[in-house]
Structure formats: C-alpha cells, structure tokens
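Please look over the sequence and the structure shown here before reading on.

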Amino acid sequence: MVNRKVAKVLTFRYKILAGIFLLLAAGLVLLPKYEKHEGIKPEELLSNAISPERYISTDELANKIINQDPSFIMIDVRNENEFNKYSIPNSINIPLKKLLDEDAIGYLNQNQYDVIFISNDHFYADQAWVLCNRLDYKNLRVLKGGINNWYLTIINPTKPTENMPAEDFELYSFRKSASMFFGVVYPEQLKIEKKPEVKKVTPKKVIPIKKKKKMPVEGGC
Amino acid sequence: MKELEKTKRISIASVLFILVVLIGLLTYKRPKHMYAVNSKTTLENITTENYLISLNEIENSDVILIDIRNQYEFEKGHLNNALNMYAPEILNEENTGILEELKSTNKTIIMYGNTPEEVVVPFMILHQLGYQNLKIATIKNSYSQNKLITQNIVVEKSEADINAFISESIKKAALQPKPTPKVIKTPKKIIPIKKKKKMPVEGGC
C-alpha cells in the first residue's frame, strides 16, 4: 500500500526535480540587484578616503610640472567654460558629469600614471575621487585647495613678513620662480633685463672734484 | 526493484544538493553595509540634484544636524541640536543604528564640518549606501576667541581670474620701466657752488 503510494509520487519525480531547479533558476533573476554592489566595500572606501595621502599640495604639483615629471596626468573636473577661462597647463578637461563616460575611463582606469583631480576648491574633485575610488581605480590624488589655492600659493604668492622663519622665505622664492614659470611677470624681473640699457642712458655723472681751498696767503711773522 | 534503487540514488543526490544550497544560503553573511546606488546613478544624482543648503535655510526648517568633526571640536562648539558623528567612524554600529533610525523617520539630514569639502566623503558614502534626504551645509566654521563662528560660503566658486592676473602682471611690468629713466634724470642735483669767501689779505705782523 505504502509502496504503491510512493511509486505514484515517484512517477512525477523528474517533474518535481525540474520544478525545484526552475525555482532555483528563478533565484538568478534576483541577482542583478547585486550589480549595485560594484566596486570596493564601503568600509574600505571610507578608510581610503580618510587617509590624507590622497591630497597633493599645490607646491608639490608645481614642482612636478616644472621638473617635467612624466608620471602623472591632471584631470580638470570643472565645466568647459571654466576650463577654457583658465586651466593648469597640460591638464585634461573631463567635466564631473562626464566622469564615468567611456572616453574618460581610458584616462582614469590605468596603472601607468597618477591621476590628479582638479577643481576650483576640492569639492568636485573629492566627489570624483570617491566615485573613482569605489570603482577601484588606482593612483588617484586630489589637488588640495584646487585652482583657488593654486592662485593664492603659486600664481600670486604672498610675501612673507620680516618676522617669519627662513623656510617661509625659501618657500616664497620657490613659489615666485614657479609663478614666473607659469607666466607671471614681476617688475624687478624686467628691470634686470633692462639694466644694460639703463646704463647707456645714464648721463655721465660729473663728479665734482673738490678743489682744494686755497688758503689765503697769510703773512709770515 | 532495480528501478527503485535508481530513484533512491537520485533522490539522495538531489536532497544532498538542495541541502548544500540551503546551507550555503543560510550561512551567507550579508555584508554590513551594502551600496544601494551604483556609481552612474550617484554621479547623475550629485550633478543634477541640489544637495547644498545654506545657513539661513537650516535655521528655518525642522532638520537633523550631524557634525562630522571630531569630538574635541564638537565639544568646543557646535550648532544647536547637532549630533556628533566623526567622519571616519560614520560606518560603525552605533552611528549606523542612529542613521537607520533617522532614515525611517524620513527627516532631512544635514551634515556639516569645518568646511563643506570635509563633508564630501561621508556624504558620498552615505548617499551611495542609499540614504536619501542628505544635504551638505555650505558653511565654514572657525573659532575666534573660543567662540564658534559660522559663515555661509559658496562652494566651487572661482575666486580669481588667473589669466587676467597674469596679463595684468605683464602689463604692470611693461609699464614699470617708463618711470625708471625719470628716476635717473633726477640725480642732477644742483649743488650750489660755494663761492670762495675772499679772505681779506691779512697783513703780516
């Protein structure tokens, strides 16, 4: 009796098995949900983001550009208008909106160069950094302070006052020469060039020779 | 009988298979934090939505404030009714609990730090984890005589026209030489020639 019942169920055995596998296959449909979970873990992203190493200072960047360091590329994430107004020489414009477009990936997802993100301050650049870091792109940096800080430190450095330490003066002279590299001209720079000309113009100075005062002849005794 | 033996094997195998699948599913540890938004959508959201809020708007509305600076700075001075969540600890259990609770109340969460830039990282991470109603306060906090001073600032504002500055500097430098010859001309000083005072010839003794 039992055997017969079992046998009856067992006639459907392949159908039951097929049903179970179909159910499991249906589970695969749910998997694309995990596509959202692309990239590195949020915890890892956070710890990467907190490390101050991801910033590069304007001085370091200027130094790299002047020394023609070939190991990095600069990505300017501001919009085209602002980029056309002023950009750091040799930087590449990828507006934040187009950051994940296919043409941009070639620049961002590679191991060859350091990528330095640039924006006006580092607000947009940081956003770009977080997005790219999540996708596990390597060697990403952010220009600290962005173009505004670039202006304040490199293009128009403030002169240190007398009571500041010697390092500040060294830094200032570096920044000043860097700013000359990027096209700023200082009045004294021209003066040095003009000096030979100036010499020609200078009228011959007549040095008055003091004549000895002739002492009036005094009578002898 | 042979047929039955065969089915026995098949059923044992399939039961084992299903057991393995079940065990696998049950022991699968869900990661604590899961992204709810993928990168492309995040990018779209941050470039289209307005997630910035100024100081005046904060004061006028019923919101939750989160201070992402460290505890020391938080205790030194913070905005009224703000919660402290130090940025590197934003994903720990305590903070996640608080955030989940806030998420269910559906209130706007406003994050602030010393500068808006500091908030970008925690904001971006929480946004990608699926927290909605997040905003960044565009304020700058500084201290003057131990008092917290909060100012509105504009994010990503270009502060200087660098090209103009450079061309100005070139112009200035070009203008500079002009006055120099003038300066050189000036040295012609008129030196009054002192006339010799003729001393009266003194007679001898």
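This is a predicted model: local features need pLDDT of at least 70, side-chain atom pairs count only at pLDDT 80 or more; totals for chains, interfaces and linings use all residues.

## A buried pair in chain B

D67(B) is buried, with a relative accessible area of 0%, where buried means under 20% relative accessible area, exposed over 50% and partly exposed in between (1.4 Å probe, protein chains only). R69(B), which is buried at 2%, forms a salt bridge with D67(B), and their closest N and O atoms are 2.8 Å apart; a salt bridge is a side-chain nitrogen of Lys or Arg within 4 Å of a carboxyl oxygen of Asp or Glu.

Residues are numbered from 1 along each chain as its sequence is written, chains are lettered from A in the order in which they are written, and side-chain values use heavy atoms, leaving out hydrogens and water.

## Salt bridges in chain A

In chain A, D76(A) and R78(A) are both buried, and they form a salt bridge with closest N and O atoms 2.9 Å apart.

## Where the chains meet

Chain B has 60 residues in contact with 62 residues of chain A, contact meaning heavy atoms within 4.5 Å. Although the count over all chains comes to six salt bridges, the count between chain B and chain A is zero.
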